[in-house]
Amino acid sequence: MNTVLSDRNPHLVSRMHGHQLSIFAEMSTLATETGAINLGQGFPDTDGPAAVTAAAIQAIQDGFNQYPPDRGIPELRQAVADHQERFYGQLVDPDDVMVSTGASEALGSTVMALVEPGEEVVVFEPYFDLYAAVIELAGGVRRSVTLHAPDYSFDPAELEAAINPSTRLIMVNTPHNPTGKVFSEGELGEIARLAIAHDLLVVTDEVYEHMTYDGTRHIPLATFPGMAERTVTISSGGKTFGLTGWKVGWAHAPTDLIRAVHTVKQHLSFTSGAPFQRAMVTALNLGDDYFAELAADLCAKRDLVVEGLSSVGLKVYPASGTYYVTADVGPLGYEDGMDFCRDLPGRCGVVAVPNRVFYDNESAGRTIVRFAYCKRFEVLHEAVDRMSRLVA
């Protein structure tokens, strides 16, 4: 993990020295300093559905402003369970749902609850930088399996080779950040086979579950035979409803597993977001048209950005989901995506993120860059227009 470093802080525990400053902080600072369009960080530039924001305002006015229950309000836990049955035919007991301060807290709580110091966690690289940080906070050891461009497939033999007697769990993120990959049924089946064969736990990050395109569908790993009893499924409303600042996430798992996760979570935030939890009930119960329109809108935005990146000579890789598309900047003469991303604001007034910071195997992602397209069409058109300066 090649997170951008600030000066070493003598007061910081050694295991966190590699996580002092994230690439998102560096690139967002560059965007602010240069006035560049920020296609680096994955947050929308519009508010979420009016019915949902209105529900939050109403909840505040109705007095829902004190601590909610530490496991989450019953209505939201029921809404999460209903959502899983509605979209995936998965039966979840609301008592086995835990609401968290965003998916990030659920992920951190899960790893710290389930991984003993020295135990190993298998992750697919490139991986979201939070994963590396929480594994180290838990005292765990990271084992990376590379998703190989251009389609970001993995070699099942490499996955099996990463598993050993010290392995505790596998972390799976689908739809996948930063690549935009959606794991196929066959790939998920292979992960399930190995998890069962080696009696491993699995943690899935599914926050982009409603953002899939081109007929691709998201399949929760917990719906595979033998996986519900060993999987902690994590998601949130931030991405799906364009309300990332609300930080309302959730996790569900079999009773003993979710109790273990909650044991850690209750000593972190304890609880949060009382009015936002109430509003998220409204969000999860929106009609099917909302979810279909969300995917169609993002798919069109993806196509716009892909066309623009291709037109300036970048090699763009397939992306079937999320907010992101990746591209190889090698054809423009760059040997390092970090150099490209540091140059781009000055050259074009656009900010992107270098993927190599999300790899342990730096060479696999050295020239790959991620662009976020979860912005208004007029902003994306302007960004694409500015990018044309690369070939001017």
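**Terms and model.** Ala, Val, Leu, Ile, Met, Phe, Trp, Tyr, Cys and Pro count here as nonpolar, Asp, Glu, Lys and Arg as charged, and the others, Gly among them, as polar. The model is predicted: local features need pLDDT of at least 70, side-chain atom pairs count only at pLDDT 80 or more, and totals for chains, interfaces and linings use all residues. Residues are numbered from 1 along each chain as its sequence is written, and side-chain values use heavy atoms, with hydrogens and water left out.

**View 1. The second largest pocket.** This pocket holds about 320 Å³ of space. A pocket is an open set of points on a 1 Å grid over the protein atoms alone, where a 1.4 Å probe fits, with protein on both sides within 12 Å along at least five of seven lines. Lining residues have an atom within 4 Å of a point. Volume is the space filled by probe spheres set on the points, which are joined across faces, edges and corners. There are 20 lining residues, and T46, Y290, L294, D297 and K301 are the closest to the centre. The lining has eight nonpolar, four polar and eight charged residues.

**View 2. The largest pocket.** Here the space is about 490 Å³. Of 25 lining residues, G42, S104, F128, K239 and K247 lie closest to the centre. Eleven are nonpolar, ten polar and four charged. Helix α4 gives the most to this lining, with four residues. Helices (H or I, at least four residues) and strands (E, at least two) are DSSP runs, numbered from the N terminus.

**View 3. The open sheet.** Seven strands run in the order β2-β8-β7-β6-β5-β3-β4, with mixed pairing. Two strands pair if DSSP finds at least two bridges between them. The edge strands β2 (97-101) and β4 (141-146) each pair on one side only. Strands β7 (231-236) and β8 (248-252) are antiparallel over four bridges. S236 has G249 of β8 as its bridge partner.

**View 4. Two helices crossing.** The axes of α4 (102-114) and α8 (255-265) come within 8 Å and cross at roughly 105°. Axes are lines fitted to C-alpha atoms, for helices over the stretch in contact, and angles run from 0 to 180 degrees between N-to-C directions. Therefore α4 is roughly perpendicular to α8, a label for angles of 65 to 115 degrees. Contact means heavy atoms within 4.5 Å. Among the contact residues are E105 and M112 of α4 and L257 and K265 of α8. The contact residues divide into eight nonpolar, two polar and two charged.

Conventions: Parallel < 35°, antiparallel > 145°, perpendicular 65-115°, else oblique.
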